[in-house]
Amino acid sequence: MSCKRIEGGFSLLEVMMAMVISGVTLVGALGAVQISSRHIQEGLVADRALAMAQARLEAKRAVQWASILEDDLDHDGAPDLTMKDDGQGNDLTAGDGIYSAGWQRDGVTLAWTVEADRPGPLSMAGWVTIVAVASYTGPRGPREVRVGTVRANPMFVGAR
């Protein structure tokens, strides 16, 4: 009775090739995770920017008409900021009828404007256009989110 011995296993070359292939696959997977992480972070900042812009619009829509140029940013019941049409800060041109204000928080710069449908005091305006622009810097450079709405003067609308 003869007994044949069969030797099995992998050669050193096969093991090394398997390690190289596994290493390349792992590096590729880690690169994909890094790219995904960057996109998720940019998406979070973009979502925050949009939420801040929308919140500013809603705040402007919710206040009494006489207080539309005042902003209570810390929600303590007292105005922290009064919008101006003086050509300083966020306001580009003095006397153009566009009232501007701005704020920076969590890597997002938020600027908002209130523009009446006609020149003169806001109490005589029929409606205003409110625009909020949130800008931030993402991995692909500067980005901005712009939202707007129109609000009617309650003196000229409502129950008759």
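## Close-up views of a predicted model

View 1. The side chains of Arg143 and Glu42 come together here in a salt bridge, 3.7 Å from N to O. Arg143 sits in strand β6 and Glu42 in helix α1, so this pair ties together parts that are 101 residues apart in sequence. Keep in mind that what you're looking at is a predicted model. How exposed is Arg143? With a relative accessible area of 31%, Arg143 is partly exposed. Glu42, on the other hand, counts as buried because its relative accessibility is 9%, and the cut-off for buried is under 20%.

**View 2. The surroundings of Glu42.** Stay with Glu42, which has its place in helix α1. Which residues does Glu42 touch, if you don't count those up to four places away in sequence? They are Pro139, Arg140 and Arg143.

**View 3. Four strands side by side.** Now look at the sheet: 4 strands form an open sheet, and the order is β3-β4-β5-β6. The pairing is antiparallel. As a bit of background, strands of a sheet pair through backbone hydrogen bonds, either parallel or antiparallel. Which strands are at the edges? They are β3 (98-105) and β6 (141-152), and each of these pairs on one side only. Going from one strand to the next, the twist averages 15°.

**View 4. Helix α1 against the sheet.** Helix α1, made of residues 12-62, packs on the sheet. Which strands does this helix touch? It touches β3, β4 (108-116), β5 and β6. The direction of α1 makes about 20° with that of β6.

**View 5. The β5-β6 hairpin.** Strands β5 and β6 form a hairpin, with 2 residues between them. How many bridges join β5 to β6? There are 12, and the two strands run antiparallel; β5 covers residues 127-138. You can pick out some of the facing residues yourself: Gly138 stands opposite Gly141 in β6. Another one to find is Tyr136, whose bridge partner in β6 is Arg143.

View 6. Asp71 forms one with Arg56, where the closest N and O atoms are 2.7 Å apart. Asp71 lies in strand β1 (residues 70-71) and Arg56 in helix α1, so the pair ties together parts that are 15 residues apart in sequence. Are these two buried or exposed? Asp71 is buried, and so is Arg56. Lys60 also forms a salt bridge with Asp71, and there the closest N and O atoms are 3.0 Å apart. Lys60 is buried, with a relative accessible area of 1%, and Asp71 is buried with a relative accessible area of 1%. Through shared partners, the salt bridges join Arg56, Lys60 and Asp71 into one network.

**View 7. A nonpolar patch on the surface.** Which residues make up this patch? They are Met124, Met155, Phe156 and Val157, with about 410 Å² of accessible area together. Take Met155 as an example: you'll find it in the segment after β6. Met155 counts as exposed because its relative accessibility is 59%, and the cut-off for exposed is over 50%.

How values were computed: Residues numbered from 1 in each chain as written. Predicted model: local features only at pLDDT ≥ 70, side-chain atom pairs only at ≥ 80, totals over all residues. Heavy atoms only, no water. Pairing = 2+ DSSP bridges. Axes fitted to C-alpha atoms, helices over the stretch in contact; angles between N-to-C directions. Contact = heavy atoms within 4.5 Å. Patch = residues over 30% accessible without salt bridge, like charges linked within 9 Å, V, L, I, M, F, W, Y side chains within 5 Å. Areas by Shrake-Rupley, 256 points an atom, 1.4 Å probe, with all protein chains shown as cover. Salt bridge = Lys/Arg side-chain N within 4 Å of Asp/Glu carboxyl O. Buried < 20%, exposed > 50% of the residue type's maximum accessible area, 1.4 Å probe, protein only.
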